Amino acid sequence: MKRLKFKRKSRLREFIGEKFIAINALVALLAIILIFIFIFKEALPIFTNPEIRQEAGLDKMIFKQVYYEGRDPKYAWQPNSDVPKYSLLPLLIGTIKAAIIALLFATPLGVGAAIFSSEFAGKRTREFIKPIIEILAGIPSVVLGFFALMILATILQKTLGLTFRLNALNAGIALGLAVIPIIFTISEDAMTSVPSSLRDAATALGANRWEVSMTTILPAALPGIAASIVLGFGRAIGETMIVLMASGNAAIISASFLDSVRTFSATIAAELAEVVFGGAHYSVLFFIGSLLFVFTFLINLGGDMVLTRIKARIQGKI
Amino acid sequence: MKKTILITGFALVLMSLSMLIAGTTITIKGSDTLVRLGQRWAEEYMKVNDGVVIQVSGGGSGTGIAALLNNATDICEASRDMKEKEYKKAKELGIAPYRVSVALDGIAIFLNEKNKVTNLTFAQLKGIYTGSITNWKEVGGNDVQIILYGRENNSGTYAFFKEHVLNEEDYSEYTQTLPGTAAVVNAVSKDVNGIGYGGIAWAKGVKYASVAKEDGGKYIEPSVETVSNGSYPISRDLYWFFNGKPTGELRKLVNWTLSETGQKIAAEIDYVPLSKERADANIVK
């Protein structure tokens with residue numbers, strides 16, 4: 001009798017515990033959905049409000065516009081002008097430029113460090129390197145931005161003789177520092193989870209350590225490394241403070257990576273605080289926010305899907 | 001340890017109680033250009049007036065005006081007049097903005113100390129910032145590209161410069177925008193070919209350009225004297241906005257800032273004081 005009572009009680013506890021955890025998970029999910037709805041709702045007037053559509057419709061954001069009679073049509077981001085200009089193209093180009101530099105800088109370093117750590121480093125060295133690189137992820141981005149603004153920019157300008165002190169290269173390298181830990185951690189995981197049977201087989205066939213890692217481990221871990229780069233890209237386009245401080249924020253359309261750039265995220269951060277509530281500029285900034293949300297959401301989803309597939313394959317489920 | 005906590009707690013309770021009894025809390029919000037002055041005034045005013053608590057915060061002229069319209073602040077500090085749009089919005093919301101000019105400010109043109117150029121006209125400045133003049137040799141300097149620095153488009157300084165110097169034309173797309181005048185000064189001090197603009201109270205490590213309004217006119221260097229006597233061409237009023245004509249403690253405060261004591265404090269921290277006649281004329285009766 002006594003035993004039964006105990007059992008019932010523990011069952012109740014289990015029930016409550018389970019529901020409690022489930023609610024916690026739901027709250028997180030709900031928060032994301034609500035943020036999603038809020039941002040989209042604030043961007044909606046671009047499509048529904050005729051007055052705002054007149055000033056900042058989708059066509060005005062995408063295509064070249066003639067802003068003053070008799071002048072050539074152009075793309076321009078000048079929201080606080082007598083003729084407000086809301087072309088998103090300069091911002092898109094700026095965002096992509098900074099992200100590309102970040103990846104070009106972070107990928108070799110992150111993947112290289114991952115190969116070294118998982119294949120060549122001894123146990124002691126690995127336990128030393130791993131946490132240090134992961135600490136890089138914990139540095140507040142404002143600190144990285146400040147470093148790029150004050151020190152990196154000066155070094156780059158002096159060594160390369162650049163015209164613009166603050167530019168895509170400078171911002172991209174600082175962004176890269178924030179991306180390295182992501183690429184490193186995920187790539188390293190991917191390489192260490194390659195089954196040891198593959199490694200053993202390659203070694204048995206007479207491959208040395210270098211050959212094993214280059215011809216066996218790296219190809220097997222390639223999807224995971226690709227996913228790490230994709231997730232790093234997501235971080236690079238969403239990161240705000242670093243680009244706000246280090247990029248110069250000039251909305252220029254050019255192919256040069258040495259020109260100043262203005263990114264989506266920095267534009268929102270710089271302008272949202274003082275726009276007229278509910279006006280065209282306000283809606284456009286939220287529209288940019290929605291774009292960023294969708295971009296990063298799809299990128300992270302894609303990266304995650306690749307990772308789960310790899311895990312399943314390695315565990316022999318596919 | 002316990003004792004300290006107790007004492008601190010007691011002090012906190014006492015402070016909040018005294019605030020409750022005194023009852024007068026004044027909030028001031030707005031322009032980043034004015035925030036330092038507002039804080040100094042508040043400190044000095046609270047020293048001589050027991051029981052008045054003044055809270056000062058920045059955020060920008062636009063933020064301050066928005067707060068005034070939403071009835072979220074007693075006084076709005078602004079480095080520009082309200083726009084027509086904002087006056088219209090105020091009317092809709094039943095707010096009657098009352099404007100008092102409390103001090104002056106000059107917008108200085110910052111150049112790197114190594115730059116050969118020292119004089120610029122309005123026309124040249126307009127050309128430089130709209131992008132039609134791109135090389136320093138066109139205005140008497142070395143044969144190098146001009147690097148433009150400016151403020152973000154939500155700042156009062158951005159709007160004022162655009163209105164008064166650029167005649168509402170757009171800034172060149174190559175203008176690099178930085179958050180805050182301090183950042184602009186810093187950038188120009190590091191960039192030999194840079195040019196920037198901002199309040200004259202801020203410049204450290206850069207030199208000022210002398211500015212002439214007309215071609216062939218006299219070049220005037222920005223300083224407290226040239227701004228307050230009106231000879232420096234890029235100067236502006238700094239305002240306090242109230243909801244309706246201020247009365248009671250608010251009136252006492254604003255009239256105090258316009259007094260000799262108040263204006264002297266402004267001059268001490270590098271703002272430009274109003275001349276005696278102008279200050280007297282602005283006093284709220």
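Among contacts in chain A between residues at least 6 apart in sequence, what percentage join residues at least 24 apart? In this predicted model, the figure is 74%.

Let me stay with chain A for its overall form. Its secondary structure consists of 13 helices and two strands. The radius of gyration of chain A is 25 Å, whereas a compact globule of 318 residues would have one near 20 Å. Along the principal axes, the C-alpha atoms of chain A occupy a box of roughly 80 × 65 × 35 Å. As for burial, 39% of the 318 residues of chain A count as buried.

I turn next to the contact between the chains. Chain A contributes 21 residues and chain B contributes 19 residues. On the side of chain A that touches chain B, nine residues are nonpolar, eight are polar and four are charged.

Finally, I would like to consider one helix of chain B. Helix H2 of chain B covers residues 35-48, and its 14 residues reach 20 Å from the first C-alpha to the last, close to the 20 Å expected. Which residues of H2(B) are buried? They are Leu37(B), Gly38(B) and Trp41(B). These residues lie on the same side of H2(B), because they cover an arc of only 95 degrees around the axis. Their packing partners in chain B are strands E1, E2, E3 and E4, together with helices H9 and H10. The face of H2(B) turned away from the buried side carries Glu43(B) and Lys47(B), which are exposed.

Definitions and conventions
Residues numbered from 1 in each chain as written. Chains lettered and ligands numbered in written order. Predicted model: local features only at pLDDT ≥ 70, side-chain atom pairs only at ≥ 80, totals over all residues. Helix = DSSP H or I, 4+ residues; strand = E, 2+ residues; numbered from the N terminus. Expected span 1.5 Å × (residues − 1). Buried ≥ 20, exposed ≤ 12 C-beta atoms within 10 Å, placed from the backbone. Arc of directions from axis to C-beta. Contact = placed C-beta atoms within 7 Å. Nonpolar A, V, L, I, M, F, W, Y, C, P; charged D, E, K, R; others polar. Rg over C-alpha atoms; globule rule 2.2 N^0.38 Å.
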